[in-house]
Structures are given as structure tokens and as C-alpha cells.
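Try each one before reading its solution.

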Amino acid sequence: MSLAAPFPYFGGKRRAAPLVWRALGDPAGYVEPFAGSAAVLLARTLKGRRVETLNDADGWLVNAWRAIRLAPDDVAEHAFGPVTEIDYHARLAWLQERRDAELVAWLEGNPEAHDPKAAGWWLYVLACGIGDPFGPGPWRVVDGHLRDTRGLPHLGDAGQGVNRGLPHLGDAGRGVNRELPHLGNAGQGALTLYMRRLAERLSRVRITCGDWQRVVKPSVLRSGSGGDGGRAVFLDPPYATSGDLYAHREDVGEAVRTWCRTASPDLRIVLCGYDDEHDSLGWRSIEGRSGGGAGYSTRADNGRRERLWLSPACFGAGEQASLLEAA
């Protein structure tokens, strides 16, 4: 059963997913160290039990996936609603004030820790926002009110502030439902049913929050069940040319390449990037575009610059193909 994430995500690989699974086959163990919208995992059609692991460094994103898995009805209740500017900014500010190291520590300290209200509000903000709504800004919650702090004394490092941009109004009133076209205007009941479908799909998925290197250790990669017995990793790190969105994480791509060079030759690895970013690996690259989430890119040709690199253990690693042919 192929599903879609209930939120937009920059660089989501939904359109690339069929080609990814053609290369990975039906591995007994599968890991996504940079989960994001989990588009590739959600596109997989399972036949029996497999061991699957999602990881991301963003605490609110991981909380959303955990809460959908453990409390889908509550998440749907808090995510549903029309697009109103005041709700958008209030929820965004509330989330941003709590997006700190303690959030990740809380998620790491208990594998079942989750907050369905925060997850629903996070989905609402992602669905209603334009681009990356979590960029820092001068607007902060002070004494229970949203204030422009540029003229106030230094308030310490608590919270990251928000920018008060207009929410996305192209699909006014639909909120999260605009990310699920098949739901139409069916309302909260349909959204709840969809969250339950996602919860069922995620019921056996291991979801972690932290550095990507934690989930590509042998102790994680050895886990598997059924399938063709193989082990697979899908790597979609921040691209070296992604611009301001990932400007503080430019070293991730190089670290991923270094890991790929020393990874077991039996691992089926698909690595994403732009242009010739990972050609130094000597792996076969596949041209095309991912789509399904990068609609606010600053470059119109970014879709055509997308590449997938297939490790030698992948199926079809010796063949040339196009993502456009697989879409």
C-alpha cells in the first residue's frame, strides 16, 4: 500500500521512489537516516514483515511520525482546521519556542515519547506555510504575547523566534487536506482515517531522532527479517548546493560520501544529490528529478539537476536510466 506524507517537504523523493525500490529490491533491513517526509518508505509495498528504521535530526518532525504511529486520531484532531493567519502564527511561535536540545533529549530518553497536539500543530504549520516556515525571526512570545523583539533588550537564547509571513492562501481553508488530494473536502473524518492508515504502516517501523551516523552502524544495519535477505540504506542528505536552507550543514554531504566509501560492499545504497556532487564514488548515477515537495526552490532547473547514485550491490547498478522514465 503506497501512501503519501500529510505535509509538504523540501526535496521529497516521492517521484523517485519507484526507481529507488527497483534498485533496492525487497531488503530484509532498510534504513533512512535522513527521513524527512519518508516518501521512499511510504511508497514501499510490503509483503510480510521487514525491519525498517527512520531517523531525522529534527525533533518536531520525529515527534510527528511517532505521534501519527501511536495516536493518529489525536493528531488528526489537532491538525484539522481552516487556514487562519492568527492560528498559523500562534502555533508556529509555540513550536519554535520549544524547538531546542531538550526536545531531542526528551525523544531520545523514551522511545514512546510523543506529543500529538504538537504533532498536529506542526502538520498544520507545514501545510499552511510557504517554503521553510521555521526560519528564525524577530517575533517571539513575551509574557504570552507575540512581540517584535528587535527593539527590546537581549532576551537570552531561549527560542528561535519566527518571521510573520502570510500563510499559503492558494488553497484557502483546506490546511492539511491540501497535501492529500484524494481526500477532497471530506473533512476531519477522512483525515482521521488517513492518519490511521499511516499509523498501521508505521506500526513496526523504528523511529529515532539524532545524528544520521547513529543508524548506519553495524548493530543497526545487521537487523533484518524476510524479503530477499539484503540490507539497504537510502541516503538523502542536505545537498551541497541547497543554499540558505542548509547553509549550516554543508559538511554533511562529504561525511556521507566518506561513510559510503567504507561501507560494506554487500549494502545496497542509494545516495541523492545534485549534478556531479557524488561522482567521486565511482558509482552509477541516474538522472532525473524527484519532485513532490521542492516547489519553493530558488532555481527552476533544480529538478533536472537531481541525481541518484547506486552502489554496486544495487539491482541495475550497471544500467543507465532516467527518473523521468520511472515517474
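## Ground rules

This is a predicted model, where local features need pLDDT of at least 70, side-chain atom pairs count only at pLDDT 80 or more, and totals for chains, interfaces and linings use all residues. Residues are numbered from 1 along each chain as its sequence is written, and side-chain values use heavy atoms, with hydrogens and water left out.

## Exercise 1

Work out whether Asp-275 is buried, partly exposed or exposed.

Solution. Start with the location: Asp-275 sits in the loop between strand S7 (268-274) and strand S8 (284-287); strands are DSSP runs of E, at least two residues, and helices are runs of H or I, at least four, numbered from the N terminus. Next, the cut-offs: buried means under 20% relative accessible area, exposed over 50%, partly exposed in between (1.4 Å probe, protein chains only). Asp-275 has 31%, so it's partly exposed. Its phi is positive, about 50°, although it is not a glycine.

## Exercise 2

Now classify Ala-38 in terms of burial.

Solution. Look in the loop between strand S1 (29-32) and helix H2 (39-42). Ala-38 has 0% relative accessibility, so it counts as buried. Ala-38 isn't a glycine, yet its phi is positive, about 55°.

## Exercise 3

Find the residues that touch the most other members of the largest nonpolar core.

Solution. A nonpolar core is a set of buried Ala, Val, Leu, Ile, Met, Phe, Trp, Tyr and Cys residues joined through side-chain atoms within 4.5 Å. Among the 64 residues here, the answer is Trp-65, Trp-122 and Val-270. Helix H7 (residues 116-128) gives the largest share, nine residues.
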